Amino acid sequence: MFEFAWPWIFLILPLPLLLRWLLPAAKQDTTALNITFIEELEHISGQKAYSTNQTWYKIIPLAIIWCLLVFAAARPQWLGDLLPVQPTGRDLLLAVDTSGSMEQDDMPWQGKDVDRLTLIKKLFGPFIEQRVGDRVGLILFGSNAYLQSPLTFDRKTVRTWLDESVIGIAGTQTAIGDAIALGVKRLYNQDEKARILVLITDGSNNAGNMTPEQATKLAVQAKVKIYTVGIGSDKMVRYGFSRYLASADLDEGALKNIAEQTGGLYFRARSEADLQAISQTLNKLEPVNQQLDESRYIQEYYYWPLILALLLSMLLVINRLFPNLKNWRPV
């Protein structure tokens, strides 16, 4: 079906005529010189005398150009048939801890130890891209929580932003409560059955304006399901002259409580295999039907009248600059 997106633009078609009628004629600073031998002068100079009186054949090209510009501004387009689109999936926010403790290189990856954030990037990057049909967002938190990416179907971009995150980008401490509260805020207006927050951290809450308990109550009221992932190995690591458990700062009790109250699950990630199993489990979340939408193919044609107007304008300029060009003959 052919139509104009902005048909009301055609109301300005008579604008040049109105301006010519309403505006006064330009005043001449000099008196015109009337001569009776104009034809002889034209023959001697080889040029046609210029007249200020516009004739009809000079106005027609300008009128055509104006009509073409108005036609293009109205946005002619071809609309295809309406096609029903039934999106399926969930709104899933990934909240990733980027505090200073994530720099601990106690996580095995392909035979060598890497830091915790690097392992999350390698395993949850593919997890993000595999969420076909889901809208995915990303929160990075440390001393503060920041929305790195709003909910979007552009999973590739969300993965890129995860890959580009660095340790300490949001501060060196851990504001778990603020991360949950921000996630609840971003998910609150979405479908109740589709609100998922995946929280990945290696520590306990020691910063922020809201405690995990307070934020969990908000999540329960907003019906946001939270899956918590506690990351950190059971290795003994050396710091100076002492040795301590790598995951000693992990508050598993708080993470389990958050998951239980919101209807989610708690996962413990000690290695690459654990994180792979977690991502596979999360990928099995049953998708839900969202609001039915309609889509249609739209082909724009505004550029054709613009091209014609440009070509006609160029011809008029060439004719004005080189009036004798039409009489040119090859030698």
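Colleague: Leaving aside its neighbours within four places in sequence, which residues is Q77 in contact with?

Modeller: The model is a predicted one. In it, Q77 is in contact with M1, F2, E3, A5, I298, Q299, E300 and Y301, sequence neighbours within four places being left aside. Q77 itself lies in strand 2, residues 76-79.

Colleague: Why does Q77 count as buried?

Modeller: The term buried requires a relative accessible area under 20%. Q77 has 5% relative accessibility, and therefore counts as buried.

Colleague: What makes R75 partly exposed?

Modeller: Partly exposed covers what falls between buried, under 20%, and exposed, over 50%. R75 is at 25% relative accessibility, so R75 counts as partly exposed. This residue is found in the loop between helix 3 (56-73) and strand 2, and its phi is near 55°, a positive value in a residue other than glycine.

Colleague: How do you know that R75 lies over the face of W6?

Modeller: One criterion is that CZ of Arg be within 6 Å of the ring centre. For R75 and W6 the distance from the ring centre is 4.9 Å. A second case is R195, whose charged end sits over the ring of Y188, 5.7 Å from its centre.

Colleague: Why is the pair of F124 and F127 called edge-to-face?

Modeller: Two rings pair if their centres lie within 6.5 Å, and planes over 60 degrees apart count as edge-to-face. Here the centres are 5.4 Å apart and the planes are at 75°, so the pair is edge-to-face. Both residues lie in helix 4, 3 residues apart, about one turn of the helix. By contrast, the aromatic pair of Y303 and W304 is tilted, with 5.5 Å from centre to centre and 45° between the planes.

Colleague: What makes F124 buried?

Modeller: The relative accessible area of F124 is 0%, so F124 is buried. F124 also belongs to the largest nonpolar core, of 30 residues, in which V96, F124, V198 and L275 touch the most other members. Helix 4 (residues 116-129) gives the most to this core, with 7 residues.

Colleague: Why does T98 count as buried?

Modeller: T98 is at 0% relative accessibility and therefore counts as buried. T98 lies in the loop between strand 5 (91-97) and strand 6 (107-109). Beyond its neighbours within four places in sequence, T98 has contacts including L117, L140, F141 and V166.

Methods
Residues are numbered from 1 along each chain as its sequence is written. This is a predicted model: local features need pLDDT of at least 70, side-chain atom pairs count only at pLDDT 80 or more; totals for chains, interfaces and linings use all residues. Side-chain values use heavy atoms; hydrogens and water are left out. Helices (H or I, at least four residues) and strands (E, at least two) are DSSP runs, numbered from the N terminus. Buried means under 20% relative accessible area, exposed over 50%, partly exposed in between (1.4 Å probe, protein chains only). Contact means heavy atoms within 4.5 Å. A nonpolar core is a set of buried Ala, Val, Leu, Ile, Met, Phe, Trp, Tyr and Cys residues joined through side-chain atoms within 4.5 Å. Rings of Phe, Tyr and Trp (its six-membered ring) pair if their centres lie within 6.5 Å; planes under 30 degrees apart count as stacked, over 60 as edge-to-face and the rest as tilted. A charge sits over a ring if NZ of Lys or CZ of Arg is within 6 Å of the ring centre and within 35 degrees of the ring normal.
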